[in-house]
Amino acid sequence: MKKHLFLLSLMFFSLSCLAQKEYIELNQQGGYIYLAGNVPSDLRGTYDNSALGTVFTKLADKGFEMEFAVASSYSDNYFIYIFSKKVSSPSSSIATVNGDNSADVVEVARYNLQGLPVGRNEKGVQVIVYSNYTTKTVIVQ
């Protein structure tokens with residue numbers, strides 16, 4: 001049964017890579033609590049079973065919510081709890097503009113792929129931003 005729980009948690013973490021959430025797996029086994037996944041630095045470590053409520057509260061304070069819990073059997077005393085927290089999406093530098101594409105569109109700025117401003121003659125990939133908020137990607141050799 002423990003192998004099934006392990007495979008279930010492994011499958012869950014594999015699928016969670018596609019989601020925009022952070023996950024923590026809390027394993028309760030043999031009198032101890034183990035945390036795995038995106039564990040905040042102040043919660044890393046091993047805990048005694050008596051600290052289960054405290055660990056739940058600390059995870060809730062960090063914005064984590066319990067998604068589900070799995071138990072192997074009460075005789076084995078083995079439980080897995082999965083907590084998740086929504087990850088804020090990274091800001092996008094691409095803007096959508098509803099307007100006319102007039103003839104007075106001018107180049108406003110040039111950036112490299114790291115988002116740093118570059119000059120016209122700097123070699124590499126450049127993203128050109130125009131006054132109507134459209135962009136064009138060019139390779140300068």
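Here are a few exercises on the structure above, each with a worked solution.

This is a predicted model, where local features need pLDDT of at least 70, side-chain atom pairs count only at pLDDT 80 or more, and totals for chains, interfaces and linings use all residues. Residues are numbered from 1 along each chain as its sequence is written, and side-chain values use heavy atoms, with hydrogens and water left out.

**Exercise 1. Confidence**

Find the mean pLDDT of the chain, then look at residues 13-18.

Solution. Start with the term: pLDDT is the predictor's confidence in each residue, from 0 to 100. The chain has a mean of 76, and 71% of its residues reach 70 or more. Now go to residues 13-18, where pLDDT stays under 50. For that stretch the model has six contacts beyond four places in sequence, a contact being heavy atoms within 4.5 Å.

**Exercise 2. The open sheet**

In what order do the five strands of the open sheet lie?

Solution. Strands here are DSSP runs of E with at least two residues, and helices are runs of H or I with at least four, both numbered from the N terminus. Two strands pair if DSSP finds at least two bridges between them.

Step one: the order is 3-2-1-5-4, with antiparallel pairing. Step two: strand 3 and strand 4 (65-71) are the edges, each pairing on one side only. Step three: from one strand to the next, the twist averages 20°.

Step four: check the pairs. Strand 1 and strand 2 are joined by six bridges, with Gln28 partnered by Ile33 in strand 2. These two strands make a hairpin with two residues between them, and Gly30 in the turn has a positive phi of about 60°. Strand 2 and strand 3 pair over three bridges, and there Ile33 has Tyr47 of strand 3 as its bridge partner.

**Exercise 3. Helix 2 on the sheet**

Which residues of helix 2 are buried, and what do they pack against?

Solution. Buried means under 20% relative accessible area, exposed over 50%, and partly exposed in between (1.4 Å probe, protein chains only). In helix 2 (residues 52-61), Leu52, Val55 and Leu59 are buried. They sit on the same side of the helix because they cover an arc of only 65° around the axis, the arc being that of the directions from the helix axis to the C-beta atoms. The buried residues pack against strand 1 (21-29), strand 2 (32-37), strand 3 (46-48) and strand 5 (78-86).

**Exercise 4. After the helix**

Where does Gly63 lie, and what does it touch?

Solution. Gly63 lies in the loop between helix 2 and strand 4. Its phi is positive, near 95°, and it is partly exposed at 38% relative accessible area. Not counting residues up to four places away in sequence, Gly63 touches Ser84 and Lys85. The C-alpha atoms of Gly63 and Lys85 are separated by 5.9 Å, although the two are 22 residues apart along the chain.

Definitions and conventions
Axes fitted to C-alpha atoms, helices over the stretch in contact; angles between N-to-C directions.
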